[in-house]
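Subject: Model for your files

Hello,

Please find the model below, with its sequence. My notes come after it.

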Amino acid sequence: MENRFHEKLDDSPVIAAVKNMDMLEAAVDSPCEIIFMLSGDIFNLSDAVKRAHEKEKMIFIHMDLIEGFSRDAVALRYINENIAPDGIISTKAGLIKIAREMGMLTVRRFFIIDSLSLDNAVNATIAEKSDAIEIMPGVMPKIIKKLKKKIKTPMIAGGLISEKEDVIGALQAGANGVSTTESSVWSL
């Protein structure tokens, strides 16, 4: 499954980030091959995953942002076995570790706000071996270049990506993909 994720990311580097259920249909119908669910709850996630899979899209659930589940091993096991997304996104190292042990794909999200958070992102990425990392904000080509020199893990730039130039800048700096809630960018 990891190879499929990397192939889809290579073929379609723009990721549809869905911040509410109203955006899901547009994401599923977009040319994006990967969807990041940034919202949802215990009642609608199963349907969201099913709709994405019907269109052969990969879908990742952001564990830190969904409602109705605790953020622990039991919730991850339930989500993995009953909702069956392709993977999860989280800022929490513990959730990433548990998900990897369950065989789930993982995207570790980092907020880069200073040199300490940059160093922490590098060290955690090397130690955790996530399938990809997402750095925020994604409109930092200089930081993307620095990270790319230090890590081999695929990198996704997210946050504040709102136009074509942002996508091009992040990809040229070395990001493997970009995630955005801006639906007008999904068709690039």
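The notes below cover the helices, the cores and the backbone.

This is a predicted model, in which local features need pLDDT of at least 70, side-chain atom pairs count only at pLDDT 80 or more, and totals for chains, interfaces and linings use all residues. Residues are numbered from 1 along each chain as its sequence is written, and side-chain values use heavy atoms, with hydrogens and water left out.

Helices (H or I, at least four residues) and strands (E, at least two) are DSSP runs, numbered from the N terminus. Buried means under 20% relative accessible area, exposed over 50%, and partly exposed in between, with a 1.4 Å probe and protein chains only.

Helix α4

The buried residues in α4 are A75, L76, I79 and I83. Seen down the helix axis, they fall within an arc of 100 degrees, so they line one face of α4; the arc is that of the directions from the helix axis to the C-beta atoms. V74 and E81 are exposed on the other side of α4. The cover over the buried residues of α4 includes α3 (45–54), β3 (58–62), β4 and α5 (93–101), where contact means heavy atoms within 4.5 Å. At the start of α4, a side-chain oxygen of D72 comes to within 3.2 Å of the backbone nitrogen of V74.

Helix α7

In α7, I143, I144 and L147 are buried. Down the axis of α7 these residues also fall within an arc of 100 degrees, so they line one face of the helix. K142 and K149 are exposed on the face turned away from that buried side. The buried residues of α7 pack against α6, β6, β7 (155–158) and α8 (164–173).

Cores

A nonpolar core is a set of buried Ala, Val, Leu, Ile, Met, Phe, Trp, Tyr and Cys residues joined through side-chain atoms within 4.5 Å. The largest has 51 residues, of which I35, I61, M63, I112, I135 and I144 touch the most other members. A second, separate core has 14 residues, including I15, M58, L105 and V107.

Backbone

Most residues other than glycine have a negative phi, and most peptide bonds are trans. K129 lies in the loop between α6 (115–128) and β6, and its phi is positive at about 60 degrees. The peptide bond from M136 to P137 is cis, with omega near -5 degrees, and P137 is in the loop between β6 (132–136) and α7 (141–150).

Regards

Note on methods
A polar contact is a pair of N or O atoms within 3.5 Å; within protein, one must be able to donate a hydrogen and the other to accept it, and residues adjacent in sequence count only if both atoms are side-chain atoms.
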